[in-house]
Amino acid sequence: MHGHQEGRFFHGYYDGYCYLPLYVFCGRHLLVSKLRRSNIDGLRFVSEIGRLVVQIRRQWPRTRILLRADSGFCREELMVWCEANKVDYLFGLARNARLVAEIAPELATAEGRSHAHRQTCPAASGTSPGRPSTAGAGRARVVGKAEWTCSESNPRFGRDLAPA
């Protein structure tokens, strides 16, 4: 962001002043687009998600709804809301040393695959089977993706609602 726009706030992760837009898609169709200040938590938009869920269910009552979002939305209140409203979810989790240690074998395998194909340097990856989450309600679990891109690891993690 340039200048001193109204509503600008410093965001430590991005190390700068910014807004954090909220986009909700269904496939390639944009359903919601809101410009939000970077000091507003994603939980403030549960009502927006609720409004969409009601509209979708009114039109297509048996449709499975999957809410996918980054780690900024991985909040206990939102996961509880999703489970109470029969909305499946997959939210990113911030990387930490404990999670990386959990998928160390998968990361080693991905690194070996990446080195074996060094000419094209593809991303080699594997996934952990998913373990029940120690925090949270219901059937949530933590899943990991062990990815190695050329010369470095790129592990990613998420929380999802495990199948019943």
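Hi everyone, let's start with strand β3 (residues 22–26), which pairs with strand β4 (residues 29–34) in the antiparallel sense over 5 bridges; strands pair if DSSP finds at least two bridges between them. Please keep in mind that this is a predicted model, where local features need pLDDT of at least 70, side-chain atom pairs count only at pLDDT 80 or more, and totals for chains, interfaces and linings use all residues. Residues are numbered from 1 along each chain as its sequence is written, and side-chain values use heavy atoms, with hydrogens and water left out.

Back to our strands: β3 and β4 make a hairpin with 2 residues between them, and G27 in the turn has a positive phi of about 65°. Y23 has S33 as its bridge partner in β4.

Now for the rings. How many aromatic pairs does the structure hold? There are 2, where Phe, Tyr and Trp rings (six-membered ring for Trp) pair if their centres lie within 6.5 Å, and planes under 30 degrees apart count as stacked, over 60 as edge-to-face and the rest as tilted. Y23 and F25 have ring centres 6.4 Å apart and planes at 45°, so that pair is tilted. Y89 and F91 are stacked, at 5.0 Å centre to centre with 15° between the planes.

Are Y89 and F91 buried or exposed? Y89 is buried, at 1% relative accessibility, and F91 is buried at 1% too; buried means under 20% relative accessible area, exposed over 50%, partly exposed in between, with a 1.4 Å probe and protein chains only. Across the chain, 32% of the 164 residues count as buried. Thanks, everyone!

Key: Helices (H or I, at least four residues) and strands (E, at least two) are DSSP runs, numbered from the N terminus.
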